[in-house]
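Please read the following report alongside the sequence and the coordinates.

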Amino acid sequence: MEASKNAGSRLFVTNVVECKDESDEKFDKCYQLVQSLVSGVSEKEAHDALNSSISKGPQAHDDISQGLLVWLLSEPAASNKIYRDLTLITRDGFSAVIAQMQFLIMEKYTKLLESVKQQLIWLTREMIRNSVNGTEALCWNLMRQIVGGDVSPKNIWLAESLLDIYVENRAWLEKHSFLVASAVYSYLRIMEDHFAPQFQALRQKETTFVVQLLRERFADCMIIGRDLVRLLQHVARIPEVEAVWRDLLHNPTVLLPQFGGLLQLMQTRTSRRFLQCRLTPDMEKKLVFLTSQVRFGMQKRYQEWFQRQYLATTESQSLRCDLIRFIVGVIHPSNELLSSDIIPRWAVIGWLLTTCTSQVAIANAKLALFYDWLFYDAEKDNIMNIEPAVLVMHFSLRPHPAITATLLDFMCRVIPTFYPPLTDRVSRGMFTALHQIIKMRVLPSLSQLFQNPKLDKDLRKMLREWFAEFCTDAVVKSDDMQELGGESLQSELAMPKSPPGDEATFSDEEDDVSPGSSPVKAEPPPVKAEPGVVKTEPAVVKPPFPPTEQASAPAPAPDESPPGDGDGPERPAGSPQPDDELTEAMEVLAAPLRKELDKLRNETDVELQCAAIERLCVAACEYELTEEENTALSTCLTALCSETLNSNVYPAPDELGEEALEDSISQPLFVLMRCLCDAPEEDPTRQTLIGVLAEMSERSPRLPYLLLHFINVRIAKEEKETKVKWFGVYKELCHARDTNRELAVSVVEDLKTCQEEEQNLFIVLVPTLFTHLSTACVGNVELMNMIVSSLDSNQLLQLLSHIVQSDLVMFRKDSFMKVLNASLEWETFEQYCLWQLVEAHELTIDYILPLLTTIQSREHAEAVSCVMLMLRREEPCMELVKPLLQRTAEEPHDVFVASVLKYWSTEYEEQTARLIANLINRTSLTPNKRRRNSPRSNLPTTEQILCHLDQMRCALRSASFWSIDEVQTALSVAQSGSNEAQRKRFADLFALIEVEEEARTRRGRKAAARGRATTKSIQKSAETDSDESSEDEEVIKKPTKRRRRNNQLNSDSD
């Protein structure tokens, strides 16, 4: 089947869409050349013809070598003979052959046929046995094709095949010290993926191989550097590796007399070639393209493709460490790239961190990000290796404060816990890295990052304990500091200019630095400030890392604050400060309003502030505010309530309770919302407060979801009419913000902000919104994707509990299919979360009927598995069997339909047989002329049914189902209506008819004999029941009747 599918190419997997490329044409041409020389002649004549052709010149030699290589790779049966011919005629020591093999491995490996891949391994093994020069490069590139985090059979086969080659040719391997180190690095890394029980034998082989090399060839392994320690940490629970780990820490001279221990390794920077070898060439191309060609803000579809291709499985989480180490240690952009609008490295790393779902993988990813910080030496290490980590923290503070907090927490905790005897040395390395960041002007100051009010109080305290010299003595106030990623830095933080002729630059490429050499120090170029505007180093003025960039939103310009910050655009130097703006805005307002605003501004007691803002609302409603006054009042309130608008209000999980929730809405801002919600619907003054809130929401995108939080807390004890009224306030606010925008769009936008700022509050709001704003939420694909993409296991349980208690309904039949169809493109975890929610609703099977004919096992495995489990709980009926059999039968690996039919045929044997037979009879006996306008035209075709039954035959070994009369009759009907090709294709299925027909014939003869005996007994005894006689006669007549019908079907008449 594979051969017929790929008849167009001898080496590559092809299809009707992809044409042969230039290289494939060249391979085919060379193969045809060789065949024209050797076909139809003796072996001696073939050798003479090949030698004669090679003698014509170097190009002829390369063509013949390439043709023989294609022949060897595509015909395994003749491998030994072709390899012998290739050995006899080659005149360049296999250089041309190795060059072509390198091309196939680096550029075409993923498209090679499986048989060709096997031949590549075979040929590599033969060349190693013959000590061909250059084979070590083939092995190194083949190791790159072992994908980290991939436990598919193909990947396991490649890893085991190369391991066998190394073990068999250990003496050859030890001659190539760099290959020894690369093999240790690669297999230490992939051992982490092979802890499942089914890989125990392979893991033991890998462990034995790696431990032997570490103990016997440690001098070769030392060149790996500090990442050798990182990989050993990941697999140290293996007893043999743990023994090496203990020797490394406590008895290093056992490994090598001159070895100085852990400190010596950690002070050696890992060469970029080791970091590169754990990414396939295809991954490397995609990452380099992403960080050198894609504009910032336009990267979403590239990231989604990369996620689907390489990070879609649970096992692939471990690959994130390899990607982060590669980005940090290998991708070093030039100054031109740093100052452009291309997506920066920190944004890619931020995406990898925010999409990680495994706690172990997150911990390892953080270690991979900070690994070069631990023993940083400004003389040996590169600033580009530590720059991404600090910029991820810097730019994630607003959209992802949890990421910044966890990275800062990691910085503090890794110092004493990495290796206690070297705590001082780790602390010195971290301090050196931070000093270098300031010196090289990656960030002008660290105090705004380390002492930001967004951070937890305990975290800020811990940062002051470990990094006191980088923190200010007092906590930086939100009103007194520039928000990270928002406004430009003030003039006193402006970057100093470098003296003329001493311009320092980041290196475009970095050579591997030997321990004794001193690399060139690199600094970013000075950036000239335009008149009136202070600018910073290009990498700093990038917008904050977006969690999931919306394709519809344009990327913010480098000089602009990202949309949704709530801080407005950058403030030019010399422009009015916030206090000046507040004073100017108050001057526009009437005296009673200014009076209350002054009290609110100067008062420190929260209760008095709340009373002042309540009086302010009453005073505002007494006036008909002009548009200018409305804008001024909203400006004042936004500034005075900035502490609430810029901080998280929802209580921490360990503090959550009724009292804590009430405290969360006790700030003055919520008094404004209470006044609006309590105002009667017919009161015209409500529009004044609606207008003020709408203006405030333009300045602070947090305000709408804070209103939802306020309503959610207050409605718990209210009547239904009050709940409807209060959610009507939110609808009015959405309408006032944009009269042309639908409510569903506003809900998604507000919850998006809530998800980014306060994840726990976002999940709490979901049940309330689906209950009271169901028209905007139920069937909202974007909202549902947002929910499932942000859930963790506890939050999923929380939603499921609401559904089980009948407090939450997330699906309606009219919009359910729209959500399901869209979910087929989501990530695996997101789809499983969605199906968990579907299962909790206990929806009837008719909700998913349209999905049965569209989902495919290979592309939609998540949906197929969940639908299969739902069908398992149903009894077979025509509404289910018909769409199942209408599915196109895929390759043998598609077991969806066969599994369901097998289960039904086991649990409901006669019912399933009757339904399938009914469909076969209807499709086979319905004339084509009538089928066009008949309701039967939506039936599955006979060929579709037979394909599924043939797959079912392979899975169902029980003969009882196939011996049922309805099934036998239906198969006979299908066989009679089949053409010659179909009869040949389904010969094994139709063979069941022949066996059963013979059995029925024998049963018929025995029944006839019993009938004649019964007739004689009737004549002798008048008391015999005539009914029994008639039943026996019917038994005798039935086979005759069936044979007569079959004869009619097989006749050539009309």
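## Confidence and conventions

pLDDT is the predictor's confidence in each residue, on a scale from 0 to 100. For this predicted model, the mean pLDDT of the protein is 77, and 79% of its residues reach 70 or more. Over residues 1–6 the pLDDT is below 50, and this stretch has 8 contacts in the model beyond near neighbours in sequence, a contact being heavy atoms within 4.5 Å. The pLDDT is also below 50 over residues 1009–1054, a stretch with 19 contacts beyond near neighbours in sequence. Where pLDDT is low, the predicted coordinates should not be read in detail.

Because the model is predicted, local features need pLDDT of at least 70 and side-chain atom pairs count only at pLDDT 80 or more, whereas totals for chains, interfaces and linings use all residues. Residues are numbered from 1 along each chain as its sequence is written, and side-chain values use heavy atoms, with hydrogens and water left out.

## Nonpolar cores

A nonpolar core is here a set of buried Ala, Val, Leu, Ile, Met, Phe, Trp, Tyr and Cys residues joined through side-chain atoms within 4.5 Å; buried means under 20% relative accessible area, exposed over 50%, and partly exposed in between, with a 1.4 Å probe and protein chains only. The largest such core has 171 residues, of which Trp373, Phe450 and Phe467 touch the most other members. Its largest share, 10 residues, comes from helix α11 (residues 177–191), where helices (H or I, at least four residues) and strands (E, at least two) are DSSP runs numbered from the N terminus.

Leaving aside residues up to four places away in sequence, Phe467 touches Met411, Cys412, Ile415, Met430, Phe431, Leu434 and Phe450. Apart from this core lies another, of 140 residues, which includes Cys641, Leu672, Leu824 and Ile848.

## Helix α26

The 17 residues of helix α26 (residues 423–439) should span 24 Å at 1.5 Å a residue, and the end C-alpha atoms are 24 Å apart, which agrees; the expected span is 1.5 Å times one less than the number of residues. Among the buried residues of α26 are Val426, Met430, Phe431, Ala433, Leu434 and Ile437, and also Thr423, Arg425 and Gln436. An α-helix has 3.6 residues a turn, so residues three or four places apart point the same way.

The buried residues of α26 pack against α16 (262–266), α23 (359–374), α24 (387–396), α25 (401–417), α27 (447–450) and α28 (457–466). Just after α26, Arg441 takes a positive phi of about 60°.

## Selected residues

Val748 belongs to helix α39 (residues 743–757) and is buried, with a relative accessible area of 6%. Although Val748 and Asn780 are 32 residues apart in sequence, their C-alpha atoms are 8.6 Å apart in space. With residues up to four places away in sequence set aside, Val748 touches Asn780, Glu782, Leu783 and Met786.

Ser806, in the loop between α43 (793–804) and α44 (813–823), has a phi near 65°, a positive value in a residue other than glycine; Ser806 is exposed, with a relative accessible area of 63%. Glu842 is found in the loop between α45 (828–841) and α46 (861–872), where its phi is near 50°, again positive in a residue other than glycine, and Glu842 is exposed, with a relative accessible area of 71%.

## Aromatic rings and charges

The structure holds 27 aromatic pairs; rings of Phe, Tyr and Trp (its six-membered ring) pair if their centres lie within 6.5 Å, with planes under 30 degrees apart counted as stacked, over 60 as edge-to-face and the rest as tilted. Tyr166 and Tyr187 form an edge-to-face pair, at 6.5 Å centre to centre and 85° between the planes. Tyr166 lies in helix α9 (residues 153–168) and Tyr187 in helix α11, so the pair ties together parts that are 21 residues apart in sequence. Both Tyr166 and Tyr187 are buried.

Phe816 and Tyr847 are likewise an edge-to-face pair, at 5.6 Å centre to centre and 75° between the planes. Phe816 lies in helix α44 and Tyr847 in the loop between α45 and α46, so this pair ties together parts that are 31 residues apart in sequence. Phe816 counts as buried at 1% relative accessibility, and Tyr847 is buried with a relative accessible area of 19%. The charged end of Lys108 sits over the ring of Phe12, 5.8 Å from its centre, where the criterion is NZ of Lys or CZ of Arg within 6 Å of the ring centre and within 35 degrees of the ring normal. Arg237 lies over the face of Phe195, at 3.8 Å from the ring centre.
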